[in-house]
Amino acid sequence: MPGGAVPETVVVITGPFEGASVERWGNLIAEAVAIGPERLIIDLAGSPTMDAGAIVVLLGAHRTMMRIGGHLTLRNPNGRVRRVLKLARVDQVFDIAVGQPASA
C-alpha cells in the first residue's frame with residue numbers, strides 16, 4: 001500500500017514514446033513508481049507516437065502500482081496512441097482519461 005505521503009505524481013511524456021526513447025521514459029516512470037504515489041498519471045498529450053516497448057513499460061508500471069495499492073492513469077493520449085493501445089488490446093487494462101487538463 002502506498003505510504004500516502006505522495007498522493008499524486010505526474011510524468012509528462014513530451015515526445016515520441018518509441019524506439020530509443022523508451023528506455024529514457026521508462027527510467028523516468030520507474031522513478032515515479034518508486035516514490036510510491038497513491039496515483040500515478042502518465043500524461044501522453046505531448047507524445048505523438050507509441051510502440052510495443054512503451055506498452056511493456058506502461059504495463060509494468062501498472063502492475064507495480066496495483067501491487068502497492070496505487071492507481072495508474074494514462075492522460076490525454078492522442079487518437080493515434082489510443083489506436084495503438086486498442087490494437088495491442090490494452091485499452092481496457094489502463095484507466096485512460098481524455099480531455100483532462102494538462103499538467104502545468
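Colleague: Which strand is the place of Val10?

Modeller: Val10 sits in strand β1. Please keep in mind that this is a predicted model, where local features need pLDDT of at least 70, side-chain atom pairs count only at pLDDT 80 or more, and totals for chains, interfaces and linings use all residues. Residues are numbered from 1 along each chain as its sequence is written, and side-chain values use heavy atoms, leaving out hydrogens and water.

Colleague: Why is Val10 called partly exposed?

Modeller: Buried means under 20% relative accessible area and exposed means over 50%, with partly exposed in between (1.4 Å probe, protein chains only). Val10 has 32%, so it counts as partly exposed.

Colleague: And Thr9, why is that one called buried?

Modeller: Thr9 is also placed in β1, but its relative accessibility is 12%, so it falls in the buried class. Leaving aside residues up to four places away in sequence, Thr9 touches Ala32, Pro37, Arg39, Leu40 and Ile41, where contact means heavy atoms within 4.5 Å.

Colleague: What makes β1 and β4 edge strands?

Modeller: The open sheet has 4 strands in the order β1-β2-β3-β4, with parallel pairing. β1 and β4 (95–97) have a single partner strand each, so one side of each lacks a neighbour in the sheet. From one strand to the next, the twist averages 25°.

Colleague: How do you know that β3 and β4 pair?

Modeller: Pairing requires at least two bridges found by DSSP between the strands. β3 (residues 71–75) and β4 have 3 bridges, in the parallel sense, so by that definition they pair. Arg75 stands opposite Ala97 in β4. Helix α1 (residues 21–35) packs on the sheet, touching β1 and β2 (39–43), and its direction makes about 175° with that of β1. Such angles run from 0 to 180 degrees between N-to-C directions, with axes fitted to C-alpha atoms, for helices over the stretch in contact.

Colleague: How do you know that Arg39 and Glu8 form a salt bridge?

Modeller: The definition asks for a side-chain nitrogen of Lys or Arg within 4 Å of a carboxyl oxygen of Asp or Glu. The closest N and O atoms of Arg39 and Glu8 are 3.4 Å apart, so the pair qualifies. Arg39 in β2 and Glu8 in β1 are 31 residues apart. At 33%, Arg39 is partly exposed, and Glu8 at 41% is partly exposed as well.

Colleague: How many salt bridges does the whole structure have?

Modeller: A search finds 2. Asp43 and Arg75 also meet in one, at 3.2 Å from N to O. Asp43 lies in β2 and Arg75 in β3, so this pair ties together parts 32 residues apart in sequence. Here Asp43 is buried at 2%, and Arg75 is buried at 10%.

Colleague: What makes a set of residues a nonpolar core?

Modeller: Its members are buried Ala, Val, Leu, Ile, Met, Phe, Trp, Tyr and Cys residues joined through side-chain atoms within 4.5 Å. The largest such core has 23 residues, of which Phe17, Ile29, Leu40, Ile42 and Met50 touch the most other members. At least two residues come from each of α1, β2, α2 (52–67), β3 and α3 (79–87).
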